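Good morning, and thank you for joining.

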Amino acid sequence: VSKVFAIALGVLTAIGGFVDIGDLVTNALVGSRFGLSLAWVVVVGVIGICVFAEMSGRVAAVSGRATFDLIRERLGPRVGLAALVASMAVTFLTFSAEIGGVALALELASSVNPFLWIPVVGAAVWLVLWRVKFAVLENAFGLAGLALIVFAVAVWQMGPDWAALWSQASAPAVPGSESLPTYLYYAVALFGAAMTPYEVFFFSSGGVEERWTADSLKVMRTNVFVGFPLGGVLSIAIAAATTLVFLPRGIQVDTLGQVGLPVVMELGKIGLVLVLLGFFAATFGAACETGLSVGYSVAQYFGWQWGKYVPPLRAARFHTVVLLSAIAGVALLLTTVDPIMLTEYSVVFSAVALPLTYFPILVVANDRTYMGRHVNGRLANTLGSLYLVVVLVASLAALPLMVVTRAGQ
Amino acid sequence: MGTDAFTHDDIGGSPTPLVLRLLDHQVVSAEEELLGNVDNLELREVDGDLLVTGLLCGPPGWGPRQPGNLGRWILAIWRRLHPDEHPEAMVLPMAHVMAVGSAVTVSDWGAAALDGNMRLEHWLRAHVISRIPGATGGEDRLAGEPLRPVRDHPELRRAPGGHLLSDLLGARVRSAAGEDLGTVLDVDAEPTERTGLELGRLRVVSVTYGPRALGAELGYTTDPRQGPLLVAAVFRRVQRHHRRVLWRDVAAVDWAERVLTLSATARPVHPHTA
């Protein structure tokens with residue numbers, strides 16, 4: 001029974017942990033402007049993150065090496081340094097955006113100005129990273145993040161024309177009010193939101209922290225192949241909710257309050273409570289994951305002791321990096337930059353930086369000396385190679401599309 | 001963890017590509033403390049053989065492998081921040097390397113030496129992290145940490161006349177007739193004095209060179225089984241001019257100019273044919 005419980009817990013936390021500020025904002029925004037015509041990108045992105053996470057989780061379990069460790073090993077110190085700088089910049093932007101997201105959620109709940117919340121949130125995130133055990137962190141926020149299921153409930157309650165929604169999603173077409181480059185730009189953004197590199201840093205480093213072995217592969221795969229797709233369903237539910245409420249009225253979502261509005265309209269007070277809890281848990285949990293991921297990537301590049309499984313004094317450099325990034329993340333937000341805008345940029349840059357981390361993992365998952373009989377099979381390699389092309393195309397297209405569309409305007 | 005699974009399958013047997021299997025790998029102790037990366041390797045010429053004699057962790061090993069000014073700055077910053085007036089790089093002798101798998105396992109003494117050489121870690125431990133309430137896990141070490149200066153340990157100093165693997169990687173390769181053949185991409189070595197407990201020094205047996213360095217560390221040059229097919233096909237084409245030549249067919253090494261000259265009888269072959 002305890003094994004079933006462990007698997008269920010892992011799946012549930014994977015669902016709740018999948019959605020972060022990037023998914024919330026991008027899906028809601030895309031729903032309000034493009035309806036469900038971009039839902040296919042979420043499907044592509046979810047399959048992609050499953051392929052990527054399964055490979056890196058498998059490599060971590062079999063070889064005991066986390067993702068950035070291998071990136072340095074296979075790309076060498078020079079290209080590895082470039083990959084480190086790029087992924088750290090993206091993860092740090094995301095980290096800052098998540099802290100901003102928590103502050104915005106707290107503002108919605110308390111009407112206290114978010115700039116008063118930001119330093120408090122930054123300190124709270126750091127305190128959790130400093131003191132709270134890894135498993136507690138993962139489970140508590142993952143489970144609370146499940147409150148976002150209210151989006152699916154709200155869509156159900158609205159009693160939409162399911163056939164119309166399905167035809168929007170299954171036969172995607174650029175809406176008349178939008179141009180093709182803008183449509184593609186948001187396709188890349190949604191893809192980046194689903195396949196953020198930090199998710200894989202966190203997932204594989206967590207595997208090493210929890211001392212996975214080859215025996216853990218079944219549980220790991222269940223978490224990935226059940227949890228992430230259900231997280232993707234949650235993402236589509238968010239897009240569907242804003243599609244139904246905002247698209248007919250021609251309103252573009254650009255605040256966190258608007259993201260939650262459909263739920264509140266449909267479910268009232270209880271909806272408000274759950275949606276705020278969901279926002280808080282999803283962004284706070286992701287803030288912890290991204291904060292740790294910044295430390296993981298630096299420490300793994302240099303070979304420093306990292307992680308929460310050793311006492312802090314044994315990993316002084318790692319904890320210093322985490323502390324500094326928490327301070328810098330708060331400082332960035334206090335420049336009064338809009339956290340929603342920060343989020344939109346972070347998901348696009350995620351797509352830009354993705355190949356640098358995706359490619360080395362694909363290569364190592366094929367290394368027989370490391371992986372033995374757990375080397376990539378035919379399915380993993382077919383999907384892995386296919387996604388290598390997808391990831392490269394998205395990465396190369398992201399910046400030109402950003403320039404052409406003036407960041408999606 | 002996984003490292004145990006590899007000790008049976010490590011580089012004890014056939015010649016092993018150093019860049020692919022040793023360089024940039026994680027260094028761990030028997031208790032799986034993370035001690036740094038293999039940032040560079042020390043090479044020494046002994047009786048006509050080129051031996052891998054030790055490994056370097058930290059800025060003195062990693063700096064020279066960064067390009068141009070960046071590399072010089074890293075070394076300059078390391079020297080400036082170092083408490084010694086003339087800081088010396090620490091080289092851990094290969095006799096302290098126990099096993100090479102997905103990580104490089106060193107002896108307890110080697111782990112203590114590497115730990116004593118992590119100055120940034122100790123400085124941050126003493127001056128930053130230990131000041132934060134709730135910092136645990138290092139009290140025993142904060143008092144009287146044995147920070148041995150390298151100069152007190154002749155066995156940890158760089159050998160006079162020794163070289164770094166990074167001096168060899170990227171060196172030009174010329175044929176006996178003087179024709180330019182490309183640059184050194186990987187170096188294969190095998191253990192010569194393995195006792196069972198330790199790996200010991202390695203002897204260089206061959207070098208791989210080629211006109212393009214793109215993706216040389218990924219493993220496609222040396223391992224014909226490396227997948228996936230799509231990527232392997234691309235690299236097979238890019239790397240089709242890569243060649244491997246035995247070290248005894250290298251007639252001369254000019255370390256200052258970083259040029260290898262092959263002998264007239266050298267028979268270079270594609271790495272996959274060997």
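This is a predicted model: local features need pLDDT of at least 70, side-chain atom pairs count only at pLDDT 80 or more; totals for chains, interfaces and linings use all residues.

The size of an interface is often expressed as the accessible area lost when the parts come together. Here, chain A and chain B bury about 4500 Å² between them, and 56% of that area lies on carbon and sulfur atoms. On the chain A side, L313(A), R314(A) and R317(A) supply 17% of the area buried against chain B, more than any other three residues. As for the residues involved, 48 from chain A and 54 from chain B take part in the contact.

Let me turn to the polar side of this interface. There are 5 salt bridges between chain A and chain B. One of them joins R72(A) to D39(B), with the closest N and O atoms 2.6 Å apart. Polar contacts across the interface amount to 24 residue pairs, counting those with both residues at pLDDT 80 or more.

Which elements of chain A give two or more residues to the side that touches chain B? They include α3 (39–63), α4 (67–110), α12 (256–302) and α16 (378–404) of chain A. The one that gives the most is α4(A), with 9 residues. By type, the residues on this side of chain A divide into 24 nonpolar, 12 polar and 12 charged.

I now move to chain B. Four of its strands form an open sheet in the order β3-β2-β8-β7, with mixed pairing.

Helix α4 (residues 108–116) of chain B lies across β2, β3 and β8 (103–106), running at about 105° to β8(B).

Finally, consider β4 (residues 40–46) of chain B. β4(B) pairs with β5(B) (residues 49–56) in the antiparallel sense over 7 bridges, and N40(B) has L56(B) as its bridge partner. The hairpin of these strands has 2 residues between them, and D47(B) takes a positive phi near 50°. β4(B) also pairs antiparallel with β9(B) (residues 163–164), over 2 bridges, where E42(B) is partnered by L164(B).

Definitions and conventions
Residues are numbered from 1 along each chain as its sequence is written. Chains are lettered from A and ligands numbered from 1 in the order in which they are written. Side-chain values use heavy atoms; hydrogens and water are left out. Contact means heavy atoms within 4.5 Å. Buried area is the accessible area (1.4 Å probe) that two parts lose on being put together, summed over both. A salt bridge is a side-chain nitrogen of Lys or Arg within 4 Å of a carboxyl oxygen of Asp or Glu. A polar contact is a pair of N or O atoms within 3.5 Å; within protein, one must be able to donate a hydrogen and the other to accept it, and residues adjacent in sequence count only if both atoms are side-chain atoms. Ala, Val, Leu, Ile, Met, Phe, Trp, Tyr, Cys and Pro count as nonpolar, Asp, Glu, Lys and Arg as charged, and the others, Gly among them, as polar. Two strands pair if DSSP finds at least two bridges between them. Axes are lines fitted to C-alpha atoms, for helices over the stretch in contact, and angles run from 0 to 180 degrees between N-to-C directions.
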